[in-house]
Amino acid sequence: MTDLIDIKGVRHAYKTASGPLPVLDGLDVAVPEGGFAAVVGPSGCGKSTLTRLIAGLMMPDAGEVLLQGKPVTGPRATVGMAFQNPVLLEWRTILQNVMLPLEIVPTKMSKAQQEERARSLLALVGLEGFEDKRPSELSGGMRQRASLCRAIVHKPEVLILDEPFGALDAFTREDLWQTMHRVKAEEPFTGVLITHDLRESIFLADQVVVLSGRPARTQYVMDIPGKGPRDLEELYTPEAAERLNILRQQIRIAQGRAAA
Amino acid sequence: MMTLKKIAVPVAALILFGLFWEFLVWVNGWPNYKMASPSDLWPAFWKFRWLFLDYGWDTLWRTVAGLLIAVVVGVLLGMVMGFSRTMRDALYPLLVGFNAIPKATVVPIIALMFVGQHDMNTILIAFLISFFPIAVSVSIGLSTLEPEYRDILAALGASKLTIFWKIALPKTLPEFFGALKVAVTLAFIGTNLMEIVEPHGRGLGHLFDSGKISADYPLMFAVLIALAVMGILLYYIVVALEHVFAGWAERTPQ
């Protein structure tokens, strides 16, 4: 079976005044359909570059980015993105914000069906009753929930999440982790999550990819067994502690420090 | 209750200001060629009421016309500078230099270049004096657009034009209206500079000049008041437009 997302030997460098700055060098990530990969690594190691490559906003210097076996040649309507900054449009209501991708992507849905879908997604993430509010009237966590709805409203085949929970406080973040599981159960997607948070990676993903320091290559891949929604309690089991320990050591290696 | 207070407070302030002005003239015993008092203004307004209406209309439409051209040209220049780094580097020093020239010195040049074209000259100065803040604010608004805003649509394959209409343009509107409030006052100054300088030029500036020539000081003061009223009117029209088109950027006080 071919993987839905298949990144093979990708190399990429940014042109800077002082010559090329290599950020990715020998990156491999494979995510099967319905899979959810978390990508962790030292800061500045090129994780956000990876999201732009998958989204088709950038082309790699070498190597291949394949979606369903076909090389990515440019942006496609089949991608959904959410960032650390929820980037909601202030002049639109929450409902109108969520419906934004449907104005770009060709869809067979009627206007009424589009609104119906947006409303049901908002209800799914717990934003029922906030449809007609402005983004400025919502808390940070609520804005991120709305941003998530916008990322999946057009049923993308790939969902790219670039540290979407990074700016939230710990309790709000855990709430959103659980929301993510609920969303995944109702609206199955294939996703890549960029994160700094190891607990987040093992709680949400079924595969954790550790990148080395810059230029980044795939240094370590950990599979997390078990399908379906998880409970926060699972973060406090001995297995979870063991996984976190291994990942922490891998990060230390990636940072160029010897494993403790 | 709130709206009543909103109107009553500025009206009361205006009345107090008028009384204070009247009192100051009376207590110092200033003759009206030194400082006219509010009670001198009504006869002046009444005597020249048709001229005020006629010339007031001239000043108003010339200002608005100049301002509209400034909006079109300013937005286009702002877009060019906002989207292209090269164009910004090329045009910025030119614009800053042009803006630094005191427009009072440009007025006689324009008046000589197009002798007798009163309407065109006046509109031209109103435009020249007011497009700069608009161009700058639009270019800054567009060039500081966070990349994520572009990416949410670009990742879906949206065209540059779509991104401009759906995101860049509305996001720049608050800055645009901030600049328009400055520009409307500037355009007004430009119109009057030209009207004062040009002989037989019509407009309130011309009426002011007539007052000066015939040593009619209350008339000169009456023109100033008429200009102030018109300025307030134009300013609040812009505020109303801002409320309609960029009202989302207003924060309700907690």
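## Terms and conventions

On a 1 Å grid over the protein atoms alone, a pocket is an open set of points with protein on both sides within 12 Å along at least five of seven lines, whereas a cavity is a set of points where a 1.4 Å probe fits but cannot get out; in either case a lining residue has an atom within 4 Å of a point. Grid points are joined across faces, edges and corners, and a volume is the space filled by probe spheres set on the points.

This is a predicted model, in which local features need pLDDT of at least 70 and side-chain atom pairs count only at pLDDT 80 or more, while totals for chains, interfaces and linings use all residues. Residues are numbered from 1 along each chain as its sequence is written, chains are lettered from A and ligands numbered from 1 in the order in which they are written, and side-chain values use heavy atoms, with hydrogens and water left out.

## Chain B as a whole

Chain B contains 10 helices and 0 strands, where helices (H or I, at least four residues) and strands (E, at least two) are DSSP runs numbered from the N terminus. Along the principal axes, the C-alpha atoms of chain B fill a box of roughly 70 × 55 × 30 Å. Of the 254 residues in chain B, 42% are buried; buried means under 20% relative accessible area, exposed over 50%, and partly exposed in between, with a 1.4 Å probe and protein chains only.

The largest pocket holds about 500 Å³ of space, and its lining consists of Leu14(B), Phe17(B), Gly18(B), Trp21(B), Pro38(B), Leu41(B), Trp42(B), Phe45(B), Ile225(B), Ala228(B), Val229(B) and Ile232(B). By class, the lining has 11 nonpolar residues, 1 polar and no charged ones, counting Ala, Val, Leu, Ile, Met, Phe, Trp, Tyr, Cys and Pro as nonpolar, Asp, Glu, Lys and Arg as charged, and the others, Gly among them, as polar.

The second largest pocket has a volume of about 290 Å³. It is lined by 14 residues, of which Gly82(B), Phe83(B), Leu142(B), Arg150(B) and Lys160(B) are the closest to its centre. Five helices of chain B, α3 (49-83), α4 (85-100), α6 (118-143), α7 (147-154) and α8 (160-197), each supply at least two lining residues, and the largest share, 4 residues, comes from α8(B). The lining of this second largest pocket divides into 7 nonpolar, 3 polar and 4 charged residues.

## The cavity

The structure holds 1 cavity of 30 Å³ or more, and the largest cavity has a volume of about 80 Å³. Its lining draws on chain A through Val79(A), Gly80(A), Met81(A), Pro101(A), Arg150(A), Ala151(A) and His154(A), and on chain B through Ile152(B), Ala155(B) and Leu156(B). The elements that give two or more residues to this lining are β6 (79-83) and α4 (140-152) of chain A, with β6(A) giving the largest share, 3 residues. By class, the lining of the largest cavity has 7 nonpolar, 2 polar and 1 charged residues.

## Salt bridges

Side chains of opposite charge can pair when their charged atoms come close. Over all chains there are 15 salt bridges, each a side-chain nitrogen of Lys or Arg within 4 Å of a carboxyl oxygen of Asp or Glu. Arg92(A), Glu103(A) and Lys166(B) are linked in a network of such bridges.

In the pair Arg117(A) and Glu187(A), the closest N and O atoms are 2.9 Å apart. The two residues are 70 residues apart and link distant parts of the chain, Arg117(A) being in helix α3 (residues 111-124) of chain A and Glu187(A) in the loop between α5 (170-186) and β8 (190-194) of chain A; both are buried.

Arg199(A) and Glu174(A) form a salt bridge with closest N and O atoms 3.2 Å apart. Because Arg199(A) lies in helix α6 (residues 198-204) of chain A and Glu174(A) in helix α5 of chain A, the pair ties together parts that are 25 residues apart in sequence. Arg199(A) is partly exposed, at 27% relative accessibility. The side chains of Asp6(A) and Lys8(A) also meet in a salt bridge, at 3.9 Å from N to O; here Asp6(A) counts as buried at 17% relative accessibility, and Lys8(A) as partly exposed at 40%.

## A nonpolar surface patch

Ile7(B), Val11(B), Ile15(B), Leu16(B) and Leu19(B) make a nonpolar surface patch of about 510 Å², and Ile15(B) has its place in helix α1 (residues 2-28) of chain B. Patches are made of residues with over 30% relative accessible area and no salt bridge, with like charges joined within 9 Å and nonpolar side chains (Val, Leu, Ile, Met, Phe, Trp, Tyr) within 5 Å. Accessible areas come from the Shrake-Rupley method with a 1.4 Å probe, and for residues only the protein chains shown count as cover.
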